[in-house]
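I set out to record what can be looked up in this structure, entry by entry. Terms are defined where they are first needed.

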Amino acid sequence: MLDIASSQELAAALSLLPAGLEHLGIRSLLFNSSLTPEHDLGISTAMLQDLQQLTYLELAGNKIQKFDHDSAVLQPLQAFASLVDLRLNSQSLHLNAAVDFDLTASMLSGAHRLTRLEVRADTWEADVLSGKSQLQHLHIPFSKLTGGSAPEAQLLSHLQHMQQLTYINLSCGLRRMEVGNPPAAAYSALTASSKLQHLGIRGCTLPAGVWRHIFPSDRQLPHLQFLNISGVRQLLQGSDGALYAPAPKGSGLVSCCPGLTFLVMHDLHHSTGLLKALQGLSALRTLCAGYAVYSIEGCNAVCQLTGLRDLSVICWTHGPPTDYR
């Protein structure tokens, strides 16, 4: 786009896209900065209104602008009933500070064919997942969950029925702030899909005793290869704040997830016993752990994990985290 000199010219170029277009990805466009300052250029969501046949849409790495002052920036998505794959990244979209990048349930109310939803938003409503029974890939990290008085309960209720999910990343998105609501048992929805291959919930705040529900002894997740539970915190009755959680029991993790190849659990309280139990994961190749490795017993236990190709030991000292790899 080196001959584009203004947002108006960019809009004119995008208006030439055929109405029947099905696949559109706009990522990190390069403009002719000698003609105009880069901050003057942006993509208006107005251009999406004539592309209602899209099955794939990706916007990342460029500024995005509202198509009018009265509508939400993502409102045009409401007319996209054919969407199968949606990828929006607000962090790399360089939004103007005055533009809210919020995803509401109404914006995707007709997108029942979605199989992949990948959004980095300011906020998103739990009911975005309503009617998305075909969803396989859910990636909404670092985004505040909203919707009603109990958005996490709503989210978990939807996940419970989504049996096609192979990928879930809700890192730093679950921030349970009330003891007992929702109950620990409700979080079993995170692993309700037996097809799950990837689960990322790092930095989330979960209830005490939640691991036996996420990784129950009577459930098999044979396809789960990637698990990131680092920095998970828990709320305890009478506590002033959330504390780092204990790691899951090794026996339960091995029984439930025998195919794990990538396990990240630093900042969790885990024991040498857990490290010994991980010997039952014959496919384990990458392990990110914490303090327990520093003991002689911990070192010996890790040395028995002969299939490892990558070991990271991350701990807090007097400064920033130290990564011993």
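For the entries below I take a polar contact to be a pair of N or O atoms within 3.5 Å; within protein, one must be able to donate a hydrogen and the other to accept it, and residues adjacent in sequence count only if both atoms are side-chain atoms. I note that this is a predicted model, in which local features need pLDDT of at least 70 and side-chain atom pairs count only at pLDDT 80 or more, while totals for chains, interfaces and linings use all residues. Residues are numbered from 1 along each chain as its sequence is written, and side-chain values use heavy atoms, with hydrogens and water left out.

**Entry 1: Lys 132.** I located Lys 132 in the loop between β8 (123-125) and β9 (137-139); strands are DSSP runs of E of at least two residues, helices runs of H or I of at least four, both numbered from the N terminus. Lys 132 is buried (under 20% relative accessible area; exposed is over 50%, partly exposed in between; 1.4 Å probe, protein chains only). Which side chain of opposite charge is nearest to Lys 132? I found Asp 127, 9.2 Å away, and no salt bridge (a side-chain nitrogen of Lys or Arg within 4 Å of a carboxyl oxygen of Asp or Glu). For charge, Lys and Arg count as positive and Asp and Glu as negative; His and the chain ends are not counted. A polar atom of the Lys 132 side chain does lie 3.0 Å from the backbone oxygen of Ser 130. Beyond four places in sequence, the contacts of Lys 132 (heavy atoms within 4.5 Å) include Leu 108, His 112 and Met 162.

**Entry 2: cysteines.** I counted 0 disulfides (pairs of cysteine sulfur atoms within 2.5 Å). The sulfur of Cys 257 is 4.2 Å from that of Cys 256, its closest cysteine sulfur, and therefore too far for a bond. Cys 256 is buried at 0% relative accessible area, and Cys 257 is buried at 0% as well.

**Entry 3: helix α6.** In α6 (residues 296-303) I found Gly 298, Ala 301 and Val 302 buried. They lie on the same side of α6, because they cover an arc of only 95° around the axis, taken from the directions from the helix axis to the C-beta atoms. The face turned away carries the exposed Ile 296, Glu 297 and Cys 303.

**Entry 4: positive phi.** Asp 267, not a glycine, has a phi of about 75°. I placed Asp 267 in the loop between β17 (262-264) and α5 (272-277).
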